[in-house]
Amino acid sequence: MTTTAKVATRIMSGMRPTGRLHIGHYFGALINWLDFQEKYDSYFSIVDWHALTTKYQASREIPDNVREIALDWLAVGIDPERATVYVQSAVPEIAELHLLLSMITPQNWVEREPTLKDMVRMLAADEKEARDRATYGLLGYPVLMSADILAFRGSLVPVGKDQQSHLEFARDVARRFNTIYGVDYFPEPQPKFTATPLLKGVDGQKMGKSYGNDIKLADTEEDTLKKIKQAVTDRTRIARSDPGHTDLCEVPWPMYQIFGKEITARVKEECESAGIGCVDCKARLGGIINEFLGPIRERRQKLAADPDKVRQILEYGNAKARAEAKKTLSEALEIMGMIRWRY
Ligand code: TRP
């Protein structure tokens with residue numbers, strides 16, 4: 001049981017269920033969430049409607065992905081007793097709030113969202129496909145995200161820098177609601193940017209599952225070793241007898257900063273004196289990463305073997321989230337004077 005008193009600040013964040021998570025997700029987000037769930041009233045949402053904005057053709061895959069991401073979260077220690085862990089689509093009040101917020105959101109606010117323009121460009125091969133991809137729902141992405149946050153009256157939102165414009169959007173929507181109806185109801189959510197260690201994929205590019213260069217939390221020991229073996233090192237080090245340069249080492253050295261802090265001095269010395277070759281150095285790193293991932297994999301496997309338990313955990317979180325979102329929705333309707341015909 002936790003004994004630390006939580007402050008009243010409410011934190012809300014979400015992830016799209018698009019597949020299994022990798023170590024970049026862990027060190028970029030989840031590690032912070034573990035800290036937040038001890039300190040704040042935390043709401044963590046698996047945002048499957050947001051996945052649908054781009055994956056509508058593969059909608060049938062989304063529920064499996066929800067399960068996968070839930071397993072990853074729970075395996076790393078996201079605790080349904082400390083945080084409210086739920087599935088967005090299991091809280092229909094969010095959709096209703098989205099509808100209400102869409103009524104007060106000027107069209108040009110959604111049209112100028114830079115992140116969406118990038119998204120469509122990335123997803124589409126040509127102009128025609130871009131028009132097809134740019135659905136009404138995708139255009140509403142930031143409105144839906146605002147509803148996610150405001151349904152819980154979240155005041156802090158841990159997100160990456162790429163989400164900054166969406167968060168400003170949510171703030172503008174909250175302020176607009178408050179102004180139009182003359183209330184001080186929705187808090188203007190503030191971003192909580194966290195220092196993200198730059199974990200590159202094994203090929204030295206940005207780590208991402210679509211690039212096939214990521215190390216997943218659920219990867220087996222063998223797969224992890226295999227992937228690390230391919231990692232790009234110091235491209236100027238040709239022969240085993242050449243001294244290496246840690247500052248030119250693209251992937252293993254930065255990974256040692258995260259996984260093997262205690263031995264970085266030794267690694268540097270051995271590398272730069274050609275005391276160790278890249279092959280052996282990477283094998284050692286793979287071992288360290290496997291040691292780190294071991295307990296996570298174990299917990300994940302146990303949970304994966306017990307689908308009822310995962311279902312129960314999510315149902316528990318969904319119910320908690322729903323009670324809160326219901327309260328917000330009826331208060332918002334009350335403020336708008338719209339609740340009269342409801343019951
Ligand atoms: N847009 C976020 C992303 O792509 C996911 C998200 C949806 C979210 N709703 C949210 C994040 C609410 C924080 C709060 O990463």
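Reply: Gladly! Keep in mind that this is a predicted model. Let's begin with β1, which is mostly covered, as five of its six residues are buried.

Me: Which strand does β1 pair with, and in what sense?

Reply: The partner is β2, and the two strands run in the parallel sense, joined over six bridges. To find a spot on this pairing, look for G14, which stands opposite S45 in β2.

Me: How does the chain get from β1 to β2?

Reply: It passes through α1 on the way, making a β-α-β crossover that is right-handed.

Me: Now the interior, please. How should I read a nonpolar core?

Reply: Here is the general idea: in soluble globular proteins, nonpolar side chains tend to be buried together. In this model the largest nonpolar core has 55 residues, and I23, L30, W33, W73, I78, L217 and M255 are those with the most contacts inside it. Among the elements that each supply at least two residues are β1, α1, β2 and α12. The most comes from α3, which gives nine residues.

Me: Why does this core lie between domain 1 and domain 2?

Reply: Because both domain 1 (10-199 + 306-341) and domain 2 (219-301) give residues to it.

Me: What does W33 touch, beyond residues up to four places away in sequence?

Reply: Its contacts are S13, G14, M15, F44, W73, I78 and P158. There is also a second, separate core of 43 residues, including I104, F152, A332 and I339.

Me: Let's turn to a helix. Which residues of α13 are buried?

Reply: In α13, residues 264-272, the buried ones are T264, V267, E270 and C271. Looking down the helix axis, these fall within an arc of 130°, so they line one face of α13. On the other side, A265 and E269 are exposed.

Me: Against which helices do the buried residues of α13 pack?

Reply: They pack against α12 and α14. After α13 comes A274, with a positive phi near 60°.

Methods:
Residues numbered from 1 in each chain as written. Predicted model: local features only at pLDDT ≥ 70, side-chain atom pairs only at ≥ 80, totals over all residues. Heavy atoms only, no water. Core = buried A, V, L, I, M, F, W, Y, C linked by side-chain atoms within 4.5 Å. Buried < 20%, exposed > 50% of the residue type's maximum accessible area, 1.4 Å probe, protein only. Helix = DSSP H or I, 4+ residues; strand = E, 2+ residues; numbered from the N terminus. Domains from an automatic or database assignment. Contact = heavy atoms within 4.5 Å. Pairing = 2+ DSSP bridges. Right-handed = clockwise from strand over helix to strand, strands pointing away. Arc of directions from axis to C-beta.
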